[in-house]
Amino acid sequence: MKIALLGYGKMGKTIEALAIKRGHTIVLKCDDTSENDLKNADIAIDFSIPEAAFNNISKCLNNNTPIVSGTTGWLDKYNDAVALCKDKDGAFIYASNFSLGVTIFFELNKTLAKMMSNLKEYTIDLEEIHHTQKLDAPSGTAITLAESIIDNHQKYTQWKLDSNAENTVSISAKRLDNVPGTHRIKYVSAVDTLEIKHTAHSREGFALGAIVAAEWLVDKTGVFTMKDVLNIR
Ligand SMILES: NC(=O)C1=CN([C@@H]2O[C@H](COP(=O)(O)OP(=O)(O)OC[C@H]3O[C@@H](n4cnc5c(N)ncnc54)[C@H](O)[C@@H]3O)[C@@H](O)[C@H]2O)C=CC1
Ligand SMILES: O=C(O)C1=N[C@H](C(=O)O)C[C@H](O)C1
């Protein structure tokens, strides 16, 4: 595939290295708002910044270029991106986390929230840890996890950073040097603790997932998720 990289930072560079190893060609590396010609690209992969993501995605959909986006912190406009994709008969995948491990972790989280839903003894504690350059907090992955808990556990109706409020999934966001991304959910009672955790060892898992998603999306139309790509039911 001929790939346009929208965002050529830590993720853009990791994707470039892995995409070349898989036999793809990088035809565009865009790292700012400058106008770029997408016509040579089969697909675009956006790992940029929250303020740029929606504009990049719109540009691709308006140019009939399939687009894979992993940028976090722009989801207030997600429904607009979905509407534009349908209007243009385009192809679009967004995931707050493209790694295979986290795609499975999302399913574990949903199942666990359903199982804990009637157990009033337990309170929840969601923690994410990332490197100090990360612009957004909480992480997109933590928000996806919290929203899924809210959808599947009868007690919780909202999420907030560092909150003691009733019915609230409290998220703690820590920033430490060189941490690629760690997410942990704990259910704590007076007598025990039950926890699930995903630890990324590097950015390679995110990059591989985004490339696999691009390979899968390139000849399709529609709005998809990583569950579609990995055929998870
Ligand atoms: N969904 C996933 O699996 C993952 C998502 N991410 C997200 O991806 C995004 C990028 O992460 P990193 O590469 O670590 O950040 P980074 O800060 O290393 O790279 C972002 C790059 O985007 C560039 N940029 C700024 N304006 C732009 C524009 N208008 N168009 C294109 N590029 C522009 C910046 O100059 C910078 O080089 C973040 O939102 C992060 O949360 C990161 C890792 C995995
Ligand atoms: O910024 C990062 O690095 C990451 N961002 C994503 C997020 O916000 O969830 C995914 C991953 O955890 C790394």
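Colleague: How far does a polar side-chain atom of Lys134 lie from an oxygen atom of ligand 2?
Modeller: It's 2.7 Å, and a polar contact is a pair of N or O atoms within 3.5 Å. Before we go on: this is a predicted model, where local features need pLDDT of at least 70, side-chain atom pairs count only at pLDDT 80 or more, and totals for chains, interfaces and linings use all residues. Residues are numbered from 1 along each chain as its sequence is written, ligands are numbered from 1 in the order in which they are written, and side-chain values use heavy atoms, with hydrogens and water left out.

Colleague: OK. And how far are N or O atoms in the side chains of His130 and Thr141 from an oxygen atom of ligand 2?
Modeller: For His130 it's 2.6 Å, and for Thr141 it's 2.5 Å.

Colleague: How much of ligand 2 does the protein cover?
Modeller: 86% of the 320 Å² of accessible area that ligand 2 has on its own, by the Shrake-Rupley method with a 1.4 Å probe.

Colleague: Which residues are around ligand 2?
Modeller: Among them are Thr72, Ser96, Asn97, His183 and Phe206, counting a residue if one of its heavy atoms lies within 4 Å. The shell divides into 2 nonpolar, 9 polar and 1 charged, with Gly counted as polar.

Colleague: Switching topic, how many helices and strands are in the chain?
Modeller: 7 helices and 11 strands, taken as DSSP runs (helices H or I, at least four residues; strands E, at least two).

Colleague: And what does the C-alpha trace span?
Modeller: About 60 × 40 × 30 Å along its principal axes.

Terms used
A polar contact is a pair of N or O atoms within 3.5 Å; within protein, one must be able to donate a hydrogen and the other to accept it, and residues adjacent in sequence count only if both atoms are side-chain atoms.
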